[in-house]
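Take a moment to look at the model before reading on.

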Amino acid sequence: MSKTTTDTSAAEEQDLGAAGSQLSTAPVETAMPGSFGGNRKPGLTGWLAWTGREALGWARWMWRQLTSMRVALMLLFLLSLGAVPGSLIPQSGTDALKVSEFQAAHKTLGPIYQKLGLFHVYGSAWFGAIYVLLFVSLIGCIIPRTWQFVGQLRGRPPGAPKRLNRLPAYATWRTAAEPEQVREVALTVLKKRRFRAHIAGDAVAAEKGYLRETGNLLFHLALIVMLIAFAWGQLFKSEGDKLIVEGDGFSNTLTQYDDFKSGNLFSDDDLVPFSFNLKNFVGTYERTGPNRGTPRTFQADITYSLGAYGKAKKHTIKVNEPLEIGDSKVYLVSHGYAPVVTVRDGKGNVVFHQAVPMLPIDSNVTSQGAIKVLDGYKNAQGVAEQLGFAAVFVPTYAKSSGTMFSQYPGLDYPVLNVTGYHGDLGVNAGIPQNVYQLETKNLKQFKDSKGNILKQQLLPGETMTLPNGAGSITFDKQIKEWAGFQVVQQPGTDWALAGALTAILGLAGSLFIQRRRVWVRATTGDDGSTVVEMAGLGRSESAKLPEELGDLAALVHDRAPTKTDDEPSVPPEGAEQQ
Amino acid sequence: MNLAAATNEHLANVSNTLIYSSMAVYTLAFLAYIAEWTFGSRSKIGRTAAALTGAAAKKAAAPAVTVQNAGGTAVLERPKVVVRAASGSRDVPDGPGAHGGDEQGDLYGRIAVSLTVLAFIVELSGVLARAASVERAPWGNMYEFNITFSTVAVGVYLTLLLFKKNVRWLGLFLVTTVLLDLGIAVTVLYTASDQLVPALHSYWLYIHVSTAIICGAVFYVGAVGTLLYLFKDSYENKLASGGKPGAFATSVMERLPASANLDKFSYRVNAAVFPLWTFTIIAGSIWAESAWGRYWGWDPKETWAFITWVAYACYLHARATAGWKGRKAAYLALIAFGCWIFNYYGVNIFVGGKHSYAGV
């Protein structure tokens, strides 16, 4: 507080308050009473009236609370706090496997977490409650602010307070020019500087920086647009995975997917009709250096066509470059090898010949998989049986390592390790089965003549013969590659992006633009000369405000210069000289 | 190994040497800043005088203008602008800075700034050599992120100095943490230079990661301001209520800018970079949309970026709300910066997720 406190200061504060009012439309905190019913008259009508008033009063009180800055602040803080557990506890949405591991490891904590929704925080009721309340609060805040702002835009900047020298920035001088002339000059100068200005009484009132408020409202509106777009996307989205071996194809129908997830309001008809074939997959890896084996490029060359009879077009999908077809995007998400295997029965008839995709288990693409011969095979006795082979594939085998772990992800020295079973694969029961694993419950493992488990490492072109005329399995010289694709449809993405960009624009406006008022008063002084007073007021104290006022004062001063026979400036009364 | 690879390895070694050299120079700068603070604590008189001249300099903010008249040049004074502090705020003048008006202290301060400039140039060359050795932006792993981060933080500080902002008091605190940052980088996080995995092959790397680094550096400068504001504010409160702070606290606090100005400084810094942080998250979302098939998936890094964003939004709102202004808002700003730090170190080391590349 300045040293020049006088007993008139209270009145002046009020005067200044009016001048500084509505520099922003930020909500003003007002106290509200706790009960609204007043006196309760006897009888039923009295009770009804009392209850009605009370209920309405409380409802209004709650609404005021919810839309107050303080509660909005608390909700905002709660939102960030609420997001924390989701990043530390495994989430079923991103990693269901980890969730089940966690539940198995924590017998007491698991069910509690489950009850609290901590395995799907971002979809849980309490997290939803926080952000819905926050957005209701936001809407309740910005609607009245918008009206208020529209009112300010239609109105004019408020008139000058009585004592300009009490404002944060102030300048004064005496001039020979007439007061009307000075006001006209000031009006022109201010308008040229793009202030909204008008003459009110003996002073010019001007205001600038309305874009701050515009930006602020725009930013909050954009947040609402983003939330709606995100929610829309979650409700109507679909996401499916499909593994395709080179040469094979896919058409976008539900039955073709290996795995499919969708939002609550998604319907199968929403799938964009298209199909594509994987022609070739290329993966290259670092050859030398400490990061040997680190992937360098992954790309899938495909041909795709829209609709049932569309013309086929060529395209290359890379990791960061999905294929866009209508609302669908096709991403390249994984890859691996699919060695071509031929199985023959005891008579030499081919009963199985196809590329078998293997699932990578490490970064050097050591892979495992299962070769399942479901039908067409008869054993040496002529009885129909099923065959199964558990296989481990390594693209680069190293004899020196002695293990079936790949040394490099490229195809330098491919080896396929197989061991065979016969009997019932268990697929006929209709229970879904992992295609990369054998269900060995009803299977018997082949053994060699010495009674040991039959297991062999095959190089391309080599064959393992099964005992007792049961046939053979050949690792063909051809090794195909497969690519995993994810097909995603998420409507509302464009809206979310537009909202996000608008939010940045609005934010920049609301943070970088200062809203400020300038008044120029010209009155006839005691000696007959004109006293010019200029003052500026901003919403917050800013170093720029006095600078700008100085510039404006210099401009006005140029055309209404200091009276030459006078002191160059008069010490402003009341203000301290610091 | 081909010739190109050999050159690259050579450049990588050059980069390492430059980073170590910059650490040595930062250490010298650190000592010089210490000397500045030490010598500055000597003279009480010099400090009081400087405080007075400091206040006088504030008044002279409006320069005189030369007005050309038709009859000749007459020097007329431009109307003086009188600045008043808002009612209710303390009218405390800014401290004179670490040197406390002491001549020798000031000399050491200047030496410290010069050494910081030198160290900055050496470190920047180190970062550029690293970039040249891998032929890409040097932001592929935590080591590279760290060395770029401290370079940018020092760059922000030097830029503010260049624009004649009163920020020399930041020097000691900044250089201390830069040394810590580089220490962690060369010992714990060091990764030999190499190429990027395919997921990072995108021009969004340049946009998303560079803005993330700039935001971190600027948030950091803001956090230092906030922390000093809290100290200075309680010091001023103690003085105002008639208490007598300890000799060391007085010696240090007296030389810092006024708490109101420290608060304003950190608010400006944080508010200026908040839209950029918003942009960083959005740029990340756009990249995620093309690389991972969704623009928002609550990956730990994304979640913590969001938490940091909300925490800074909280701070900006709190500062404009009665009853939250000042200390409470400052605590929020520190929490927000804590979120940023956790998002960088904590998420990479303890949580993992899709932002893990090249080991960490």
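Predicted model: local features only at pLDDT ≥ 70, side-chain atom pairs only at ≥ 80, totals over all residues.

Residues are numbered from 1 along each chain as its sequence is written, and chains are lettered from A and ligands numbered from 1 in the order in which they are written.

Now the box. Along the principal axes, the C-alpha atoms of chain A fill roughly 130 × 75 × 50 Å. Chain A is divided into domain 1 (18-152), domain 2 (157-207 + 516-559), domain 3 (234-334 + 486-501) and domain 4 (336-481). These bounds come from an automatic or database domain assignment. The C-alpha centres of domain 2 and domain 4 of chain A lie 91 Å apart.

Chain A holds 10 helices and 22 strands. Helices (H or I, at least four residues) and strands (E, at least two) are DSSP runs, numbered from the N terminus.

Start with a pair inside chain A. Helix H8 (residues 211-236) and helix H9 (residues 493-512) of chain A have axes that come within 7 Å and cross at roughly 160°. Axes are lines fitted to C-alpha atoms, for helices over the stretch in contact, and angles run from 0 to 180 degrees between N-to-C directions. H8(A) and H9(A) are therefore roughly antiparallel to each other. Angles under 35 degrees count as roughly parallel, over 145 as roughly antiparallel, 65 to 115 as roughly perpendicular and the rest as oblique. The crossing of H8(A) and H9(A) is left-handed, meaning that the near helix is turned anticlockwise from the far one by less than a right angle (right-handed if clockwise).

Next, a pair across two chains. The axes of helix H3 (residues 69-88) of chain A and helix H9 (residues 300-319) of chain B come within 9 Å and cross at roughly 165°. So H3(A) is roughly antiparallel to H9(B). Their crossing, too, is left-handed.

Last, a pair in chain B. Helix H4 (residues 142-162) and helix H5 (residues 171-187) of chain B pack at an angle of about 165°, with their axes 9 Å apart. That makes H4(B) roughly antiparallel to H5(B). The crossing of H4(B) and H5(B) is left-handed.
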